[in-house]
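Please read this briefing with the structure open beside the text. The points are grouped by topic.

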Amino acid sequence: MSTDSSSNAINFSQVAYLLVTGASRGIGQRMAIETSRKFKPGSIVVLLARSASGLEATRAEILDANPHITVVTSSVDLSNASKDLLEEIIEKSLAKTPLETFELAGIIHNVGTIGNVERKAIDMDDRQEWEDYFATNVVTVGVLNSCFLRKFKASPSKLVVNVTSKACIIPFKSMGFYCSGKAAREMYFKVLADEEPGLVVLNYSPGPVDTDMTIDIQGRSNAEEIRNYFRGLRETTTILTTQQTTAKFLSILEDGQFKSGDHVDYYD
């Protein structure tokens, strides 16, 4: 059975190792900055994304908030990153720091793409498009997670976060790739939580957030109701900021009132 909620509160005021994917902008960037703010000196934060310039911007903000930690960036395309490359990134980031230095080891799987929202489900007949989408959003996520947990198997406290979506539970027109990928990815993390009672696993759904991704959906979705939904959120200023959803994310983890593997939404 999964870990019960009584033991799932995370204390971030420790010497920590944290790896964040999709850390160059949006939700991943804000989560990396605000979580790192809490760490003790000697901590290491590793940022992965394709954009080297975006990663450097995140790194600068983290060090401004907490100059007593080390921030390592790696510009990598997670759509085709091999197991060997991912293991090498983790190994190099440690820079020979003994693993017993870290009281907390955490990973935030934020990387995600929206996929082709101009196609209806009936038209999703391109095998390569399917394979490319799942490679980035599901396959590499699972491989990286395994590499990370194998490296930190002896860590006294381990946290795994999957940034998920309401779209893994409810279908959204035009978002066949996104909904399918999110559902598959979340189920992997639920299985992980059941198999590994020593882990704290959180599937966090951040709500509708003002990011490049939601702007893209608003502009390109083949479903008028989806375009209007995001347009309406922006016009009424009810769309969330990355700061708002990150604050809720941290409060959920620090309170620990969830079962490992649970799907927890911003609005829960």
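Thr 238, for example, has its place in the loop between α7 and α8. The model is predicted. The largest pocket has a volume of about 1,200 Å³, and a search of the whole structure finds 1 cavity of 30 Å³ or more.

**The largest pocket**

- The lining of the largest pocket is made up of 48 residues.
- Ile 27, Gly 112, Tyr 178, Thr 211 and Met 213 are the lining residues that lie nearest the centre of this pocket.
- Five helices each supply at least two residues of the lining: α1 (26–36), α4 (127–151), α5 (176–195), α6 (212–220) and α7 (224–235).
- Helix α6 gives the most to this lining, with 5 residues.
- By class, the lining of the largest pocket holds 21 nonpolar, 17 polar and 10 charged residues.

**Met 213, at the pocket**

- Met 213 belongs to helix α6 and is one of the residues nearest the centre of the largest pocket.
- Leaving aside neighbours within four places in sequence, Met 213 is in contact with Gly 112, Thr 113, Ile 114 and Tyr 178.
- Of these contacts, Gly 112 and Tyr 178 are also among the residues nearest the pocket centre.
- From Met 213 to Pro 98 is 115 residues in sequence and 38 Å in space, C-alpha to C-alpha.

**The buried side of α6**

- Which residues of α6 are buried? They are Thr 214, Ile 217 and Gln 218.
- In general, an α-helix has 3.6 residues a turn, so residues three or four places apart point the same way.
- The buried residues of α6 pack against α7.
- Gln 218 lies in helix α6 and is in contact with Arg 227, Phe 230, Arg 231 and Arg 234, leaving aside neighbours within four places in sequence.
- The relative accessible area of Gln 218 is 17%, which means that Gln 218 is buried, as the cut-off is under 20%.

- Thr 242 is found in helix α8, which covers residues 242–255.
- Is Thr 242 buried or exposed? Thr 242 is buried, because its relative accessible area of 18% is under 20%.
- Not counting residues up to four places away in sequence, Thr 242 touches Gly 26, Ile 27, Arg 30, Val 209 and Thr 211.
- Ile 27 and Thr 211, both touched by Thr 242, are among the residues nearest the centre of the largest pocket.
- Thr 238, in the loop between α7 and α8, counts as partly exposed at 41% relative accessibility.
- Thr 238 touches Leu 233 and Tyr 267, not counting residues up to four places away in sequence.
- Thr 238 and Ser 7 are 231 residues apart in sequence, and 34 Å apart in space, C-alpha to C-alpha.

**The cavity**

- The largest cavity holds about 30 Å³ of space.
- Its lining consists of Phe 12, Ala 16, Tyr 17, Leu 18, Phe 39, Leu 104, Ala 105, Gly 106 and Leu 159.
- Two elements give two or more residues to this lining, namely β1 (16–21) and β4 (104–109).
- The lining of the largest cavity has 8 nonpolar residues, 1 polar residue and no charged residues.

- Why is β4 described as largely enclosed by the rest of the structure? The reason is that 6 of the 6 residues of β4 are buried.
- Leu 104, Gly 106 and Ile 108 point one way from β4, while Ala 105, Ile 107 and His 109 point the other way.
- β4 pairs with β1 in the parallel sense over 5 bridges, and Val 20 has Ile 108 of β4 as its bridge partner.
- β4 also pairs with strand β5 (residues 158–163) in the parallel sense, over 5 bridges.
- In that pairing, Gly 106 stands opposite Leu 159 of β5, and both of these residues line the largest cavity.

Terms used: Residues numbered from 1 in each chain as written. Predicted model: local features only at pLDDT ≥ 70, side-chain atom pairs only at ≥ 80, totals over all residues. Heavy atoms only, no water. 1 Å grid on protein atoms, 1.4 Å probe; cavity = no way out; pocket = protein on both sides within 12 Å on 5 of 7 lines; lining within 4 Å. Points joined across faces, edges and corners; volume = space filled by probe spheres on them. Helix = DSSP H or I, 4+ residues; strand = E, 2+ residues; numbered from the N terminus. Nonpolar A, V, L, I, M, F, W, Y, C, P; charged D, E, K, R; others polar. Contact = heavy atoms within 4.5 Å. Buried < 20%, exposed > 50% of the residue type's maximum accessible area, 1.4 Å probe, protein only. Pairing = 2+ DSSP bridges.
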